Amino acid sequence: LRALSAQDLRAHTAHALERARKRSGTLTDAVDDADLVTQHSKLMSPLVWDLAHIGSQEELWLVRDVGGRQPLRPDIDDLYDAFQHARADRPALPLLGPGEARAYVREVRAKAFDVLSQAPLEGGALTDTAFAFGMIAQHEQQHDETMLATHQLRKGDPVLHAPSPPPRRVGAVPAEIVVPGGSFLMGTSVEPWALDNERPAHPVFVDAFAIDTFPVTNGQFAAFADAGGYQQPRWWSEQGWAYRTEHDITAPRFWRREQDAWWRTRFGRYERVPEAEPVVHVSFHEARAYAAWARKRLPTEAEWEKAARYDPHTGRSLRYPWGDGEPTAEHANLGQRHLRPAEVGAYPRGVSPLGVHQLIGDVWEWTSSDFAGYPGFTAFPYREYSEVFFGPGHKVLRGGSFGTDAVAIRGTFRNWDYPVRRQIFAGFRCARDLTPAERG
Ligand code: AVJ
Ligand code: FE
C-alpha cells in the first residue's frame with residue numbers, strides 16, 4: 001500500500017470495501033427475514049444487528065468523522081453501540097428491520113464512496129484518513145466472521161455452500177521446528193492498515209524453543225478426549241477445570257460421540273470428524289489442557305510471531321510467513337472460500353522461513369499470552385477499540401481462520417477473546433522448551 005499512488009490506493013480501498021459488502025450480503029441474504037432477527041445463541045447478536053452495526057460504524061468513522069458530513073441516523077447511534085448493550089440484550093431493542101437495515105447500509109455506503117472520491121490519499125501515506133478506510137473494511141470483515149460463527153450456531157439445513165479446501169500437499173516434514181534464540185522485531189510501525197494494538201514495532205528477545213509444524217489436528221485432539229483428558233484435573237488449570245466441570249464439557253463444541261466415532265455439525269451438515277484437519281471450536285482452557293497432556297505448552301504470542309515472521313537469513317521480520325506479498329488462494333485458507341479448515345499440509349506455499357506451516361488461515365491459534373499493549377502503545381482511534389480489553393481477562397489468538405478475510409489478517413495481527421469462548425473458529429498448536437541436550 002505504501003508504494004501506491006493516491007488513485008491506486010483509492011481503487012484498492014474501494015475494492016476492499018466492496019468485497020466486504022459482497023460477503024455481508026451473502027451472509028444475510030442466505031436466510032429469511034424471520035431468521036435474520038432471531039438470536040441463535042445468547043453469545044451472538046441477531047444477524048440484522050451486525051448488519052446495521054456495520055453501517056453505523058461506517059457512518060460514524062467515514063461519513064461523519066473523515067467526511068465531516070451531516071449524520072444520517074443520529075437517532076440509532078446508541079442501538080448499535082456495542083458498549084451500550086450486551087449481545088444477549090440486543091434482540092429486545094427497537095432495531096432496524098431487515099429491509100430498513102439493508103437500505104441504511106446502502107445509503108451509508110454511497111456517502112462513504114463519495115467521501116472516498118474526495119479524500120486526500122497522497123502516495124499511500126500512513127495518514128489517519130487512509131487508515132480510517134482500511135479500518136472500516138477490516139471492521140466489516142470482522143463482523144462477517146462473527147456472522148459466520150452465528151451461522152454455525154443456527155439450527156436447520158445448510159444455507160451456505162463452498163467447495164472443499166485443498167488436500168494435504170506436503171510430503172514428510174518434521175513434527176516440530178526449532179526456533180533459534182535471540183531478538184526479533186515484533187509488531188509494526190509501517191503497515192498502513194495495522195491497528196493500534198499491533199504498533200509499534202519493537203525488539204523482543206525470545207529464548208530458543210520448539211513449535212509444532214502444524215496446528216493440532218482433530219485426530220490428535222480426539223486421542224486426548226479418548227484417553228480421558230476431559231476427566232483428569234491434572235491436565236487443567238484450576239480455572240479451566242472449574243469451567244469444564246460447570247459446563248460439563250467433554251469434547252470440542254459441535255462434536256458428538258456415536259458408538260466408536262466422533263461426529264460433528266458444520267454449517268447444518270452432520271459428518272464424521274475429519275482426522276487430518278486442525279481442531280476448531282476449542283476454548284483456551286481445552287487447548288491448554290491438551291498441551292499439558294501432550295507434555296507441551298501453548299506458545300507465547302512473541303514465540304508465535306517469531307515462528308511466523310522471522311527470517312533467519314536476513315534477520316528481518318516478514319509481513320506474512322511466506323514473505324511480503326498479499327495472501328493468495330495458494331498461500332492460505334482465508335476469506336470463507338471454504339467452510340472448513342484445510343488438512344494440515346495443504347498450503348506448502350504458506351510455509352514460514354523456519355519451516356512452520358499454516359500459521360495464517362484455517363484456525364485462529366490460542367496463545368498463552370494475555371492481551372496487553374506493546375511498549376509505546378497509543379490508543380487509536382479511541383480507547384474502546386483495544387485498550388479497554390487489555391488485561392488478564394483476554395487471551396491473544398493469532399493467524400486468522402478460514403472465515404477471516406485477507407484484509408483483516410497479517411503476521412502482526414492480534415485477536416483476543418475470553419479463555420472460555422469456543423464458538424469462534426479457534427484451534428491451537430503446541431510449543432515446548434528445548435531439552436538441555438537440544439540446547440547443545
Ligand atoms: C478483535 C474480533 C475481538 O469482534 O469484538 C468488531 C473486533 N471491534 N467491532 C470483536 C471488533 C469492534 C473484535 N475482535
Ligand atoms: Fe463492531
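Helix α5 (128-153) has 26 residues and reaches 37 Å from its first C-alpha to its last, close to the 38 Å expected at 1.5 Å a residue. This is a predicted model, and the protein chain averages a pLDDT of 96, with 99% of the residues scoring at least 70. The model scores are ipTM 0.99 and pTM 0.98. Where pLDDT is low, the predicted coordinates should not be read in detail.

Helix α5 is mostly covered, since 21 of its 26 residues are buried. Which residues surround ligand 1? They are His 139, Gln 142, Thr 146, Asn 415 and Trp 416. Both α5 and strand β10 (415-417) supply at least two residues of this shell. By class, the shell around ligand 1 has four polar residues and one nonpolar residue, and no charged residues.

Strands of a sheet pair through backbone hydrogen bonds, either parallel or antiparallel.

Inside that order, strand β8 (residues 364-371) pairs with strand β9 (residues 391-398) in the antiparallel sense, over four bridges. Within this pairing, Asp 370 of the one strand stands opposite Lys 395 in β9. With β11, by contrast, β8 pairs in the parallel sense, over two bridges. Here Glu 365 stands opposite Gly 427 in β11. How is β8 placed relative to the rest of the structure? Six of its eight residues are buried, so β8 is largely enclosed by the rest of the structure.

A separate description is needed for the other sheet. This open sheet has three strands in the order β1-β4-β12, with antiparallel pairing. At its edges are β1 (176-179) and β12 (431-433), each pairing on one side only. The twist averages 25° from one strand to the next.

Strand β4 (residues 209-212) pairs with β12 in the antiparallel sense over three bridges. Across this pairing, Ala 210 stands opposite Arg 432 in β12. Strand β12 also holds Ala 431. Is Ala 431 buried or exposed? Ala 431 counts as buried because it has 23 C-beta neighbours inside 10 Å, and the cut-off for a buried residue is 20 or more. The C-alpha atoms of Ala 431 and Phe 209 are separated by 7.2 Å, although the two residues are 222 residues apart along the chain.

In the three-stranded sheet, the pairing is antiparallel, and β12 is one of the edge strands.

Note on methods: Residues numbered from 1 in each chain as written. Chains lettered and ligands numbered in written order. Predicted model: local features only at pLDDT ≥ 70, side-chain atom pairs only at ≥ 80, totals over all residues. Pairing = 2+ DSSP bridges. Axes fitted to C-alpha atoms, helices over the stretch in contact; angles between N-to-C directions. Near = placed C-beta within 6 Å. Nonpolar A, V, L, I, M, F, W, Y, C, P; charged D, E, K, R; others polar. Expected span 1.5 Å × (residues − 1). Buried ≥ 20, exposed ≤ 12 C-beta atoms within 10 Å, placed from the backbone. pLDDT = per-residue confidence, 0-100.
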